[in-house]
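Colleague: Please put the model up. I would like to check the wording term by term.

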Amino acid sequence: MSSLTHAIEIYLTELLNESDAPESMLSIRRKELAKTFGCVPSQINYVLRSRFTQEQGYIVESHRGGHGYIKIERIKQDTSENRIEHLEKIVGETISWQDAHRYLSALQKRGLITARERLLIEVALRHCDELGVSLFDLSPHKRETIQAELLKRTLRSIMLA
């Protein structure tokens, strides 16, 4: 199943890359795509949910039904301000350690941060999480609020440098 998932991801990515626009967009019918790959439409949904997320730089609009379609748009991040605005929206007011780790991995994969920067941020967030539990006895919500603020400030500094 993972090879089919990967094949669908590559196919959609190539279609998106064919566009010369900075914020490329693709509109395709789910039923036709499923027919092309000989799979059920729910497999297409899985690929969209796992491989084309906001964290990975995409906005997906999906309409179901007989004339259902999928619209995939690459988020415009051509300036530092756009990237910062996007990251603030993704991180939000709170973030768990697992979500932060997943988001940092996606940023590294997209080339927005280096492996070293990702590792340094993860270490800082991990210590924040551990210190909050052991030293300060913070509630999970308060720890996740502190982690979100630390993550946003650190990424903002990296992207403006």
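Colleague: Where does Leu33 lie?

Modeller: Leu33 lies in helix α2. A helix here is a DSSP run of H or I with at least four residues, a strand is a run of E with at least two, and both are numbered from the N terminus. This is a predicted model, where local features need pLDDT of at least 70, side-chain atom pairs count only at pLDDT 80 or more, and totals for chains, interfaces and linings use all residues. Residues are numbered from 1 along each chain as its sequence is written, and side-chain values use heavy atoms, with hydrogens and water left out.

Colleague: Why does Leu33 count as buried?

Modeller: Buried means under 20% relative accessible area, exposed over 50%, and partly exposed lies in between, with a 1.4 Å probe and protein chains only. Leu33 has 1% relative accessibility, so Leu33 counts as buried. Of the 161 residues of the chain, 35% count as buried.

Colleague: Leaving aside its neighbours within four places in sequence, what is Leu33 in contact with?

Modeller: Contact means heavy atoms within 4.5 Å. On that test, and with neighbours within four places in sequence left aside, Leu33 touches Tyr11, Leu12, Ile28 and Ile44.

Colleague: What makes α2 roughly perpendicular to α3?

Modeller: Helix α2 (residues 30-37) packs on helix α3 (residues 41-51) at about 100°, with the axes 8 Å apart. Angles of 65 to 115 degrees count as roughly perpendicular, under 35 as roughly parallel, over 145 as roughly antiparallel, and the rest as oblique. So α2 is roughly perpendicular to α3. Arg30, Leu33 and Ala34 of α2 make the contact with Pro41, Ile44, Asn45 and Leu48 of α3. Axes are lines fitted to C-alpha atoms, for helices over the stretch in contact, and angles run from 0 to 180 degrees between N-to-C directions.

Colleague: Why is α4 called roughly antiparallel to α7?

Modeller: The axes of α4 (residues 80-91) and α7 (residues 140-160) come within 10 Å and cross at roughly 170°. That is why α4 is roughly antiparallel to α7. Residues of α4 in this contact include Arg83, Leu87 and Val91, and those of α7 include Leu151, Leu155 and Met159.

Colleague: Which strands form the open sheet, and in what order?

Modeller: The 3 strands do, in the order β1-β3-β2, with antiparallel pairing. Because β1 (25-28) and β2 (58-63) stand at the edges with a single partner strand each, one side of each has no neighbour in the sheet. Neighbouring strands are turned by 10° against each other on average, direction ignored.

Colleague: How many bridges join β2 to β3?

Modeller: Two strands pair if DSSP finds at least two bridges between them. β2 and β3 (residues 69-74) have 6 and run antiparallel. Tyr58 has Arg74 in β3 as its bridge partner. β1 and β3 are joined by 4 bridges and also run antiparallel. Met25 stands opposite Glu73 in β3.

Colleague: Which residues form the covered face of β1, and which the uncovered one?

Modeller: Leu26 and Ile28 form the covered face, Met25 and Ser27 the uncovered one. Ile28 is also one of the contacts of Leu33.

Colleague: And the whole chain: how many helices and strands are there?

Modeller: The chain has 7 helices and 3 strands. From the N terminus, they run α-β-α-α-β-β-α-α-α-α.
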